[in-house]
Amino acid sequence: MPRDQFENVEMPVVAIVGSGLIGCSWAALIAATGRQVLVFDSRPDAEALVRGFWDSVHPELVALDLATPGTQPRFEFCETLDAAVSRADFVLECIPERLEAKLALYRAMEPALKPGAIVATSSSGLKLSDLQAGWTDPGRLIIGHPFNPPHLVPLVELFGNDRTDADVLPGARALYESCGKVTITLHREVMGHVANRLQAAIWREAIHLVDSGVVSVRDVNAAVWAGPGLRWAVMGPHMLLNLGGGEGGLRAYCQQFSESYAEWWKDLGQPSLDAGTIQKLVDGLADESGGRDYATLRRQRDAQLVAVLRALSETRAGFQKTDALV
Ligand SMILES: NC(=O)c1ccc[n+]([C@@H]2O[C@H](COP(=O)([O-])OP(=O)(O)OC[C@H]3O[C@@H](n4cnc5c(N)ncnc54)[C@H](O)[C@@H]3O)[C@@H](O)[C@H]2O)c1
């Protein structure tokens, strides 16, 4: 895979526009690599939030060899959008998931962009073709969708289309991978990209199983983390079921289970997130949380994610080896 966009720019300057949940996390990861990070957010307490977030996650970044104990972040907090994007080689757009807000931001941003800069939106599910509306030249805009929290979860989903300049996806890919990310590239536009569609599929059934009285919230959560979720951290669903067929692989698995899956798929639920269903889920989570607050749960999730990531070097090396052959 060519890496021409930033080949001669050892340390591209990165701008983060919108430093909420996702922007703070991106800012910390990019700063850990020693790069200069220009931050612009419309809220006045953005600097305190980004610096506080850095302090809280720096030990995790060190544990993953993404930062050294002495790393000092090179953050610069900008008063205006222009001041951030006019000096950046790479702009990570992380404002809220509202099409009109993103289009208004792009209208203001495009005239100020440095020539050749790449703009990657973290959008969870908006379509690139919709986000390109209003650009004079949308060739530098792509989808670069992370999974929360981006400073820990390696996946970034990339998508560009026939209006995207040829060097943009390879350049973005090189930058993300230099920060330790695992990138996948979508071949065509689809609502929700890939990972959120998979998440939506499993969450739909998890809701249905609670809503229809089959199982409690606590137990459906355990059915994932103590069962298939543990395996999914190591290999994806197709590869795991390939092993489920024994020496005969996926073909043997399908011979045995095709009819069962056809019946199960027909029986899967179609829940809706109405007030009663949401209340049931919230009550179930309160039972399961046992008084642990948001900060405690987040700390537990992140500490265990770090442990899992440290154990996954083989999965990663295998992915990179296959990728090199493509
Ligand atoms: N929350 C998630 O789990 C998640 C995961 C992956 C991707 N994303 C995507 O990331 C993006 C950001 O989501 P989030 O959860 O961080 O939202 P958030 O609400 O936590 O943060 C958005 C930030 O943008 C700022 N902002 C709003 N308008 C702005 C403007 N015009 N200029 C500059 N700053 C502005 C806000 O002040 C806020 O700090 C969305 O597109 C979302 O779909 C979210």
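1. Tyrosine 253 and phenylalanine 257 sit four residues apart in helix H11 (residues 249-267), so about one helical turn separates them. Helices here are DSSP runs of H or I with at least four residues, strands are runs of E with at least two, and both are numbered from the N terminus.

2. A word on the source. This is a predicted model, where local features need pLDDT of at least 70 and side-chain atom pairs count only at pLDDT 80 or more, while totals for chains, interfaces and linings use all residues. Residues are numbered from 1 along each chain as its sequence is written, and side-chain values use heavy atoms, with hydrogens and water left out.

3. Now the rings. Rings of Phe, Tyr and Trp (its six-membered ring) pair if their centres lie within 6.5 Å; planes under 30 degrees apart are stacked, over 60 edge-to-face, and the rest tilted. The count is nine aromatic pairs by this rule. Tyrosine 253 and phenylalanine 257 form one that is tilted, at 4.7 Å centre to centre and 45° between the planes.

4. Are these two residues buried or exposed? Tyrosine 253 is buried, at 11% relative accessible area. Phenylalanine 257 is partly exposed, at 25%. The cut-offs: buried is under 20% relative accessible area, exposed is over 50%, and partly exposed is in between (1.4 Å probe, protein chains only).

5. Tyr253, Phe257, Tyr261, Trp264 and Trp265 are linked by ring pairs into a cluster.

6. Next, the second largest pocket. Its volume is about 240 Å³, meaning the space filled by probe spheres set on grid points, which are joined across faces, edges and corners. On a 1 Å grid over the protein atoms alone, a pocket is an open set of points with protein on both sides within 12 Å along at least five of seven lines; lining residues have an atom within 4 Å of a point.

7. Which residues lie nearest the centre of this pocket? They are Leu64, Leu66, Gly180, Leu309 and Arg316, out of 17 lining residues. Helices H13 (294-311) and H14 (313-325) each supply at least two lining residues. H14 gives the most, with three.

8. Two domains are assigned: domain 1 (14-185) and domain 2 (195-291). Their bounds come from an automatic or database assignment. Their C-alpha centres lie 32 Å apart.

9. Residues 14-186 are 35% helix and 21% strand, and the end C-alpha atoms of this stretch are 24 Å apart.

Terms used: On a 1 Å grid over the protein atoms alone, a cavity is a set of points where a 1.4 Å probe fits but cannot get out, and a pocket is an open set with protein on both sides within 12 Å along at least five of seven lines; lining residues have an atom within 4 Å of a point.
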